[in-house]
Amino acid sequence: MHLVADRKGQITQEDSRQDRLLEILYGHRAGRGLLRLLVSPFLSRLGGLLLDSQSSRFLVPWFIRSHGIDTGEYRQKEYRSFNDFFTRRLAPGARKVEKTPGVLVSPCDGRLSVYKIQDPCTFLVKHTYYTVESLLHNHKLASEFEGGYVWIFRLCVDDYHRYIYADGGYLWAHIRIPGVLHTVNPVAGDHFPIYKENTREYCLLESDNFGKMIQMEVGAMMVGKIQNHQRGDLVRRGWEKGYFAFGGSTVILITKKGAVSPDADILGNSRRGIETRVRLGERVGSRAE
């Protein structure tokens with residue numbers, strides 16, 4: 001069970017059947033033994049193949065009902081497979097990307113927590129310490145972000161699973177780091193350093209408004225693939241960066257010291273261990289004064 005706030009300050013408890021199952025898997029010795037199989041990339045690739053097949057279409061109506069998905073937000077079409085539905089596109093006007101210069105926008109729908117990067121480039125997610133170097137596998141690059149912020153956008157299975165560039169600018173590098181595929185549910189974070197063990201990809205962006213920043217995609221249990229588009233060296237805020245196939249996933253932003261100030265509600269919620277529900281394109285912070 002964990003707490004999530006909306007942008008109006010209303011706090012709710014999330015405790016689903018999936019959460020309870022994950023508590024068993026991650027909280028007990030026998031369950032953790034089964035995890036060795038469940039977190040393997042091979043199993044996720046196999047699951048991806050099944051969910052790409054035409055026979056998986058029968059899952060779509062059940063998924064819509066069980067997760068209360070508003071289909072009116074999405075482009076209407078006949079889906080070829082479950083993954084075709086899962087990677088569905090929004091209808092025109094369903095999301096608005098804030099264009100004000102100096103405003104940082106959410107790259108995706110999800111639940112956001114923000115963490116200050118402390119000396120020496122460490123940050124604490126619940127009970128687990130991370131270093132920026134462990135995320136990036138690059139000591140020199142990681143050291144540039146000391147004193148900045150790590151923004152963790154956790155996507156649940158009922159969220160929109162396409163994501164955009166949080167700001168425009170020049171792309172310096174694309175890096176892929178292979179790994180396992182733990183769930184990104186907060187339950188797993190109590191037992192494993194998921195963000196430095198999971199498969200992930202990131203780009204280094206010299207952004208228009210916030211200097212050098214990292215935008216990273218983290219795969220998760222049963223995510224068949226992280227699919228990033230090839231767009232060249234120059235990108236614009238709001239351009240689609242890519243999408244996740246089935247499963248919960250995470251997008252991470254890393255910003256430098258003095259570059260961005262998180263909005264007060266998001267920062268306050270994060271300090272209290274509460275995630276903030278955000279939508280693709282909405283404001284989450286602004287250029288530091």
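1. Asp84 has a relative accessible area of 11%, so it is buried (buried means under 20% relative accessible area, exposed over 50% and partly exposed in between, with a 1.4 Å probe and protein chains only). Asp84 forms a salt bridge with Lys77, and their closest N and O atoms are 3.2 Å apart (a salt bridge is a side-chain nitrogen of Lys or Arg within 4 Å of a carboxyl oxygen of Asp or Glu). Lys77 itself is partly exposed, because its relative accessible area is 43%.

2. On the basis of the values: this is a predicted model, in which local features need pLDDT of at least 70 and side-chain atom pairs count only at pLDDT 80 or more, while totals for chains, interfaces and linings use all residues. Residues are numbered from 1 along each chain as its sequence is written, and side-chain values use heavy atoms, with hydrogens and water left out.

3. The chain has 289 residues, of which 55% count as buried. Its secondary structure comprises 10 helices and 18 strands (helices, H or I with at least four residues, and strands, E with at least two, are DSSP runs numbered from the N terminus). Among contacts in the chain with a separation of 6 or more, 74% are between residues 24 or more positions apart (contact means heavy atoms within 4.5 Å).

4. The salt bridges number 18. One of them joins Glu240 and Arg89, at 3.0 Å from N to O. This pair links distant parts of the chain, with Glu240 in strand 14 (residues 240-244) and Arg89 in the loop between helix 5 and strand 3 (103-105), 151 residues apart. Glu240 counts as buried because its relative accessibility is 14%, whereas Arg89, at 35%, counts as partly exposed.

5. Another salt bridge is between the side chains of Asp167 and Arg237, at 3.1 Å from N to O. Here too distant parts of the chain are linked: Asp167 is in the loop between strand 8 and strand 9 (169-177), Arg237 in the loop between strand 13 (234-235) and strand 14, and they are 70 residues apart. Both residues, Asp167 and Arg237, are buried.

6. The largest nonpolar core has 27 residues, and Leu104, Leu112, Trp151 and Phe153 touch the most other members (a nonpolar core is a set of buried Ala, Val, Leu, Ile, Met, Phe, Trp, Tyr and Cys residues joined through side-chain atoms within 4.5 Å). At least two residues of this core come from each of strand 4 (110-116), strand 7 (149-155), strand 10 (200-207), strand 15 (249-255) and helix 10 (264-271). Strand 7 gives the most, with four residues. Apart from this core lies another, of 21 residues, including Tyr130, Ile177, Leu204 and Ile254.

7. Leaving out residues up to four places away in sequence, Phe153 touches Ser106, Pro107, Cys108, Arg111, Leu112, Ser249, Thr250, Val251, Leu253 and Val278. Ser270 is in helix 10 and counts as buried because its relative accessibility is 12%. With the sequence neighbours up to four places away again left out, Ser270 touches Leu112, Ser113 and Val114.

8. The whole structure holds 11 aromatic pairs (rings of Phe, Tyr and Trp, the last by its six-membered ring, pair if their centres lie within 6.5 Å; planes under 30 degrees apart count as stacked, over 60 as edge-to-face and the rest as tilted). Phe63 and Phe86 are an edge-to-face pair, because their ring centres are 6.4 Å apart and their planes at 75 degrees. Phe63 is in helix 4 (residues 59-67) and Phe86 in helix 5 (residues 82-86), 23 residues apart. Both Phe63 and Phe86 are buried.

9. The rings of Tyr74 and Tyr160 make a tilted pair, because their centres are 6.0 Å apart and their planes at 35 degrees. Tyr74 lies in the loop between helix 4 and helix 5 and Tyr160 in the loop between strand 7 and strand 8 (162-164), so the pair ties together parts that are 86 residues apart in sequence. Tyr74 counts as buried, at 5% relative accessibility.

10. Trp62, Phe63, Tyr79, Phe82, Phe85 and Phe86 are linked into a cluster by ring pairs. The charged end of Arg88 sits over the ring of Phe85, 4.3 Å from its centre (a charge sits over a ring if NZ of Lys or CZ of Arg is within 6 Å of the ring centre and within 35 degrees of the ring normal). Lys116 lies over the face of Tyr149, 4.6 Å from the ring centre.
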